[in-house]
Amino acid sequence: MPGRWWQSLRAHFEPAPIADPLWRRALLACPLARRLDPERQRQLRELAAVFLARKRFHALAGAVLDDYWRLLIAMQACLPVLQQGPASLRGWRDVLIYPGEFKVRRSHHDDHTGVVTESDEILIGEAWEHGPLVLSLADVQLDLEQPWDGYNVVVHEMAHKLDMLDGPPDGVPPLREIPRRRWIGQFQRAYDRLIAAGPGHSPIDHYATESAGEYFAVVSELHYSQPALLRDTEPAVAELLQAFYGPSPADGCEPASHCRAR
């Protein structure tokens, strides 16, 4: 039927707009989005509509999702791609939501002995190359309540998604106007300094030393939630992230008095 085909095609390219009451309610609950200027709020609203149209949400282990929470997740997921545009949402489709922390079984192969061991890891978020975005709803809610504490699980995992657009995560997402050599050099030197500092001797979470990809994701959280701290600690990295993501909505906010452990 030509009519249905045309409607389907239009729905694919022109996602349904977000209703005004729902948008206003979500905007009130999301300080990161609320502090954007009106033009960037408009862009975020359009991008969130694209996200909701393209991605499939799955509530797992008793998690309860409604349009409001799907929108709040989409808004935070789209903040890191505002500057990059909807093409940066490509390559994956599913968003898995657990009510809280979730357990993942890992296998480790010892190259010297050939022994494979398995262990359980407790996570609040995870991102797979070409696979799902996985989030703890409790931690999404905590980030909305404490937006300036240096953490944001949705931003963290979306940074991994951007990083993986051109292959396995290496801390270097696709760059358009930033010289790749400059990015790699500045990030590598900052990463090396954090490793040399040791745990507890830098305001940047030591979890960032796990890999170059984790470093990029952790400082991305700081760009959105504590940019002044990042500028004081690693000004060159802060400048690159500002060029990549755009201005931080957190500028001018006082950080929270306490931070939660990862």
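How many bridges join strand β5 to β6, and do these strands run parallel or antiparallel? Strand β5 (residues 125–127) is joined to β6 by 3 bridges, and the two run antiparallel; strands here are DSSP runs of E with at least two residues, helices are runs of H or I with at least four residues, both numbered from the N terminus, and two strands pair if DSSP finds at least two bridges between them.

The model is predicted, so that local features need pLDDT of at least 70 and side-chain atom pairs count only at pLDDT 80 or more, whereas totals for chains, interfaces and linings use all residues. Residues are numbered from 1 along each chain as its sequence is written, and side-chain values use heavy atoms, with hydrogens and water left out.

**Strand β6 and its partners**

Between β5 and β6, which form a hairpin, there are 5 residues, and H130 in the turn has a positive phi of about 65°. Strand β6 (residues 133–136) also pairs with β2 (residues 94–98), in the parallel sense and over 4 bridges. L133 in β6 has V95 opposite it, and A127 likewise stands opposite L133. In a regular strand the side chains alternate between the two faces of the sheet. In β6, L133 and L135 point one way while V134 and S136 point the other way, and all are buried, where buried means under 20% relative accessible area, exposed over 50%, and partly exposed in between (1.4 Å probe, protein chains only).

**Helix α2**

W23, A26 and L27 are buried in helix α2 (residues 20–29). Seen down the axis of α2, the buried residues fall within an arc of 105°, so they line one face of the helix; the arc is that of the directions from the helix axis to the C-beta atoms. P21 and L28, on the other side of α2, are exposed.

**Rings and charges**

Rings of Phe, Tyr and Trp (its six-membered ring) pair if their centres lie within 6.5 Å, and planes under 30 degrees apart count as stacked, over 60 as edge-to-face and the rest as tilted. The count comes to 13 aromatic pairs, among them the edge-to-face pair of F244 and Y245, with 4.9 Å centre to centre and 70° between the planes. A charge sits over a ring if NZ of Lys or CZ of Arg is within 6 Å of the ring centre and within 35 degrees of the ring normal, as in the table.

| Charged residue | Ring | Distance from ring centre |
|---|---|---|
| R25 | Y68 | 3.7 Å |
| K55 | W92 | 3.8 Å |
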